[in-house]
Structures are given as C-alpha cells and as structure tokens.
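I opened the notebook to look up charged side-chain pairs. My notes follow the structure.

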Amino acid sequence: ARIMTCADIFSALAEDRPYRKGLPKERTLAVLDENAERGFISKPLVALIRENYEEINEERETQARKSGNRYYKMNLEG
C-alpha cells in the first residue's frame, strides 16, 4: 500500500492533467519530501524515487502514451 501511495502521488504531480501541466522535477520532489517529513508517506520510498527519478518518470511517460494510444484506438473502433 505504501508503494502504491507514493506511485500515485508521484504520477498525480508529474503528469499533465487537463487542468494543469505536470510539475517539474524539483517541485515534484519537494512535494514528496514535504509529505514524507510529515509522516504521510514513506521516507525510504521517496528517497528511491529521488535516486531513480529519470528512469521512473520515463517509464511513467511511456505507459501514459501506451494507455492513450489504446484509448484512442478503442474509440476509433467502437
């Protein structure tokens, strides 16, 4: 559950939403750090995100593109 919580918050901060652009790396990490300091999320998991930010964010972008393509294709066929 702690991993999913951190992943969900990371995605919500970093990805573009209809109502706003995704936050830049430093702001995303600052929000995660703030939440970890308050005890809301796991400090060790936030440290792992910090250490592997580029790889994690690249995978998030790849999966978001794939999902978008599947959604678009489904709407064309349906």
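**Salt bridges**

I find seven salt bridges in the structure. I count a salt bridge when a side-chain nitrogen of Lys or Arg lies within 4 Å of a carboxyl oxygen of Asp or Glu. Side chains of opposite charge can pair when their charged atoms come close.

I keep in mind that this is a predicted model, where local features need pLDDT of at least 70 and side-chain atom pairs count only at pLDDT 80 or more, while totals for chains, interfaces and linings use all residues. Residues are numbered from 1 along each chain as its sequence is written, and side-chain values use heavy atoms, with hydrogens and water left out.

**Lys25 and Glu54**

I looked up Lys25 and Glu54: their side chains form a salt bridge at 2.6 Å, N to O. Lys25 sits in helix H2 (residues 25-37) and Glu54 in helix H4 (residues 53-77), so the pair ties together parts 29 residues apart in sequence. Helices here are DSSP runs of H or I with at least four residues, numbered from the N terminus.

I checked exposure next. Buried means under 20% relative accessible area, exposed over 50%, and partly exposed in between (1.4 Å probe, protein chains only). Lys25 is partly exposed at 29%. Glu54 is partly exposed at 47%.

**Arg27 and Glu34**

I noted a salt bridge between the side chains of Arg27 and Glu34, at 3.6 Å, N to O. Arg27 is partly exposed at 40%. Glu34 is partly exposed at 38%.

**Arg60 and Glu61**

I noted that Arg60 pairs with Glu61 in a salt bridge, with the closest N and O atoms 3.7 Å apart. Arg60 is buried at 14%, whereas Glu61 is partly exposed at 36%.

Technical notes
Helices (H or I, at least four residues) and strands (E, at least two) are DSSP runs, numbered from the N terminus.
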